[in-house]
Amino acid sequence: MSVSISIKQARNLALNGQGFDFDPRRPVTKRRILKAVRTTNMLQIDSVNVLTRAHYMPIFSRLGMYDPAMLDAVVWGKDRQRALFEYWGHEASMIPVEDYPFYRWRMEDARNGKGMWGRIARIQREKPDLIDQILNRIADDGAVAASDLDEKRSNRSAWWGWSDTKTVMEYLFWSGQVMARHRRNSFERVYDLPERIIGDAANHPPMDRYDAQSELICKGIAAMGVATEADLRKYFRIPTEDAKICLARLVEEGRILRADVQGWKQAGYLCPQVNPRARSKPTCLMVPFDPVMWERDRVERIFGFNYRIEIYVPAEKRQYGYYVLPFMLNGAFVARVDLKADRQEGVLRVQSAHLEEGCLAGDVAGPLKENLERLAAFLGLSGVVVMPANDFSRYLAGVSVF
């Protein structure tokens, strides 16, 4: 049995499952932050810092102004009390501790040499003695970073100098034998044993592989509202054949329903309890690493919004800019802005602003400027400076927000 879903309902479902709950009258507490993270299942970590570290932004997009130190506390707080841990979710991600058992299959795969790439796969095969030595060192002496152990480091940076020691650390992290206690300068991981960081949660007996993956798929359905098999598989990086097996079982058990979504070539899936008439019409800026933006083909399929990140595109070939944030107004993508936190000048610099086709500058510019001013305040900057890159940028620059 399947249900029919219009594209408008698919948009509503996709946003309703993402925890947008902006209310300037309500303070943003740790409880609300954790609820937002649990709703999306994780926060993706990324090293680009032209604006701010990516994991801070989805909370801002959903809840508005908050103190980033509160998020730091639930990620890197006191051992056995922290609510999030770092591991490979969608990519490197901050994940609720209670979901730790659902990722043990990935850790076991790594221990068995599955799913790893390049140097990490080779180090696991070729240097088991070095792996044991480093793991024993951590067990005996406590938390350590790869750079603390590597006595033969080159002059290259800590990130790009992939020594054997760093590769072993990455393998131990991937296989769940160590965990990130914290990051130095928000970048280099310092590792320790999982049981020293999240306590008894680390000793949870491994779940059946398909049971764990099925739980992740159900969490993904709740977060995405309606999704294809590929959407669900990519959300948690579940192997294709595993996802097929789990989806077939979940449909047979009645835990999820098939859906025929208007305009979709692939079958959709949704929760039986979901309300297709639910409404969510957020207005916010989103970073490229927001869960809504993770899969570009899904964004285009649901919202009709074509977005590609251009960080790695040569400057002269970029269409919109280096670090471009989409702007959503009442649940629709209406503009995009290339942003930079110019900390030397103390301003949020809008390198360029682009209006989406069919949208009116007079409708979009005011709400966009208001959100840019709020973002500047969140980043501790004194205001917004819009560069005169094009007609819409000049129009935006002239808008006053009171």
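**Around Met169**

Author: Let's start at Met169: setting aside neighbours within four places in sequence, it is in contact with Ile134, Ile138, Val144, Ala145, Ala146, Leu149, Val178 and Tyr191 (contact being heavy atoms within 4.5 Å). Bear in mind that this is a predicted model, where local features need pLDDT of at least 70 and side-chain atom pairs count only at pLDDT 80 or more, while totals for chains, interfaces and linings use all residues. Residues are numbered from 1 along each chain as its sequence is written, and side-chain values use heavy atoms, with hydrogens and water left out.

Met169 is also among the residues with the most contacts inside the largest nonpolar core, a group of 57 residues, alongside Phe85, Tyr87, Tyr103, Leu172, Ile198 and Leu232. Such a core is a set of buried Ala, Val, Leu, Ile, Met, Phe, Trp, Tyr and Cys residues joined through side-chain atoms within 4.5 Å. Buried means under 20% relative accessible area, exposed over 50%, and partly exposed in between (1.4 Å probe, protein chains only). Helix α11 (residues 209-224) gives this core its largest share, seven residues. Helices (H or I, at least four residues) and strands (E, at least two) are DSSP runs, numbered from the N terminus.

Now for helix α5 (residues 104-111): six of its eight residues are buried, so the rest of the structure largely encloses it. Those six are Arg104, Trp105, Arg106, Met107, Asp109 and Ala110. Their cover includes β3 (84-88), α6 (118-126), α9 (164-174), α11 and α12 (229-236). After α5 comes Gly113, with a positive phi near 80°.

The general rule is handy here: an α-helix has 3.6 residues a turn, so residues three or four places apart point the same way.
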